[in-house]
Each structure stands twice: as C-alpha cells, then as structure tokens.
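Here are my notes for you, as numbered points. Please keep the structure open beside them while you read.

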Amino acid sequence: MAMTRLVLHQTLRYDYPSPVRRLHHHLMVVPPARHGDQVRIASALEVTGAEAGVTESVDAFGNVTIEIRAGEVQECVKFDVRVVVERGEGTDRAVGPAAEARRLRVPSPLTEPDAALCAAARRLVDSGEGGLALADRVNAWVAAAMTYRHDVTSIHTTAAEALRVGAGVCQDYAHVMLALSRLCGLPARYVSGHLVGEGGSHAWVEVLLPLAGAGSPLVAVAFDPTNDRRAGLQYLTVAVGRDYTDVAPTHGSYSGAPGGRLTSFKFLEQRAVELVAY
C-alpha cells in the first residue's frame with residue numbers, strides 16, 4: 001500500500017504598535033490524532049514573545065483547539081507549529097453512523113442559499129445522478145462557475161455572495177460547494193488544511209456518503225473544487241466544520257491599541273514512506 005509522510009512547519013507572528021495586555025488567543029493549527037487515513041505522528045507548538053499559558057482541548061467536530069493566554073506582550077508574539085502526519089493510499093474517510101451527518105445537511109451561517117444557488121441545485125439534481133456521481137458533478141460545476149481571484153472576497157463572504165461575484169479564493173469555492181451539496185441532499189463539511197506546493201493554507205470539502213444502503217456507515221470523500229479534482233495524498237487536514245467560522249486557524253482578543261499585524265510562513269513537504277515486507 002502506498003504511504004506518504006507530510007511534514008509541516010508553520011509560523012504565525014503578531015506585531016503590536018505598543019504593549020498589549022490580557023491576550024486571549026485561539027489557534028486551530030494542529031491536526032487531530034487521526035482523521036480517516038491520516039495519522040498524526042508528532043506535533044509541537046512553541047510560543048515566544050510572551051510568558052503564556054497554553055491549554056489544548058477537542059471540540060465537537062474532533063478538532064484540536066488551543067487557547068493561549070498572556071498577561072502582557074511587549075512587541076510581538078509568535079506561534080511556531082511543527083507537525084508530521086502519515087497518510088495511506090485511500091482518500092475516502094470513514095466517519096461513523098449516518099445520524100452524525102444531520103447537522104451537515106442544513107445551511108450554516110456562510111452557506112445560507114439564495115435563489116441562484118437553489119436554481120443551480122435543482123439543475124444538478126435534475127441530471128438524475130445521485131451519491132458520488134452527483135458530488136462529482138457539483139464539484140465540477142463549482143470549478144466552472146468560479147474564477148480564482150484575490151481581494152474580491154473576505155472571510156465573511158457567504159456562498160451566495162461569492163457566486164454572485166463569480167470569483168474568490170479556496171474558501172469561497174468550498175462554501176459554494178457546501179451550499180450546493182446540502183441543497184442536493186448531500187451532507188458535506190468544510191475542511192481547513194494545507195496542500196503541498198501552496199504557500200498559504202487551503203480549503204476543500206468532504207461529502208459524506210453511505211458506504212452501502214441508507215442508514216449504513218458513512219465515508220467522507222474529499223473534493224477540491226478550486227482545483228477541480230478529488231483531494232489526494234498531498235492534502236493535510238487540520239480541522240473540519242460546517243463552514244470557515246468553525247475552523248478559523250487563528251483569532252483572539254487583547255486590551256491595547258489597535259493595529260496588530262499578522263505575518264505568516266508555511267512550508268509543507270511530502271516524503272515517501274518505505275514499507276518493509278516481512
């Protein structure tokens with residue numbers, strides 16, 4: 001069986017114009033111990049620039065959430081993340097009983113449909129296809145309907161707004177696909193992570209499909225509408241949710257003058273893993 005190892009080094013740095021107090025920061029940058037065929041081998045988080053307390057927990061979606069509190073930051077605070085995961089040959093990820101998909105069938109704040117999305121979903125359903133074939137069709141439709149362009153959307157842009165513009169970044173492609181998938185009766189979730197060869201973070205979609213008949217366990221099939229393909233072994237999943245608001249990699253609050261500036265760095269390397277037969 002083919003195996004691959006993904007090695008991630010990510011740095012997030014916040015610079016402030018003057019000292020700040022009562023920093024309370026949330027990070028979602030470390031993948032879960034296991035996500036389908038992805039297994040976390042090692043991870044480390046280093047905080048520099050302030051004396052800080054770090055608390056790790058797991059949310060309702062199984063995501064690793066990290067809370068960082070610091071009484072005072074003089075100039076900057078930096079979060080340095082290192083992660084190693086291994087993935088197997090398969091890209092379909094078992095997620096459990098069908099009941100778990102109920103909350104992924106309904107609109108979320110950033111995927112609330114409008115008339116245009118509803119009309120597109122009706123045309124997709126009218127093709128007569130269902131299940132995996134329908135999910136493939138939705139993925140291809142989004143890729144054809146959208147143009148990749150920076151600075152026309154924001155993290156607050158909804159699926160309906162992005163489709164109206166006809167352009168955006170990976171987050172917008174994912175939101176449009178989520179909205180259409182749910183309208184077509186396909187439970188789907190937003191995926192935040194990284195793709196080998198891309199400088200920033202990436203977003204894609206997992207559609208939850210029954211392994212056999214109705215009520216059977218589900219598998220999550222990963223689609224990347226931005227690149228019009230299935231998501232394969234070069235993708236590293238960090239977190240999943242209903243939309244971007246559930247999986248924002250970094251956000252927080254502090255007391256002090258406004259004007260904090262974020263700079264980031266990411267390097268993701270893919271390495272082959274040799275399996276020895278005995």
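**Notes on the fold**

1. Strands here are DSSP runs (E, at least two residues), and helices are runs of H or I with at least four, numbered from the N terminus. Please bear in mind that this is a predicted model, where local features need pLDDT of at least 70, side-chain atom pairs count only at pLDDT 80 or more, and totals for chains, interfaces and linings use all residues. Residues are numbered from 1 along each chain as its sequence is written, and side-chain values use heavy atoms, with hydrogens and water left out.

2. Strand β11 (residues 188-195) runs antiparallel to β12, joined by six bridges; strands count as paired if DSSP finds at least two bridges between them. Val191 is opposite Trp204 of β12. Strand β13 (residues 218-224) also pairs with β12 in the antiparallel sense, again over six bridges, and here Pro210 faces Leu218.

3. Why is strand β12 largely enclosed by the rest of the structure? Eight of the nine residues of β12 (202-210) are buried, so the strand is largely enclosed. Buried means under 20% relative accessible area, exposed over 50% and partly exposed in between (1.4 Å probe, protein chains only).

4. Do look at the largest nonpolar core: among its 63 residues, Val176, Leu180 and Val207 touch the most other members. Helix α4 (residues 170-183) gives the most to this core, with eight residues. Another core, of seven residues, lies apart from it and includes Val191, Trp204, Tyr235 and Val240. (A nonpolar core is a set of buried Ala, Val, Leu, Ile, Met, Phe, Trp, Tyr and Cys residues joined through side-chain atoms within 4.5 Å.)

5. Leaving aside residues up to four places away in sequence, Leu180 touches Leu117, Ala120, Ala121, Leu124, Val138, Trp141 and Val142; contact means heavy atoms within 4.5 Å.

6. Strands β1 (residues 4-15) and β7 (residues 76-87) share 12 bridges, and Leu12 has Phe79 in β7 as its bridge partner.

7. Finally, the whole chain: it has five helices and 17 strands. Buried residues make up 49% of its 278 residues, and the C-alpha trace spans about 60 × 60 × 35 Å along its principal axes.
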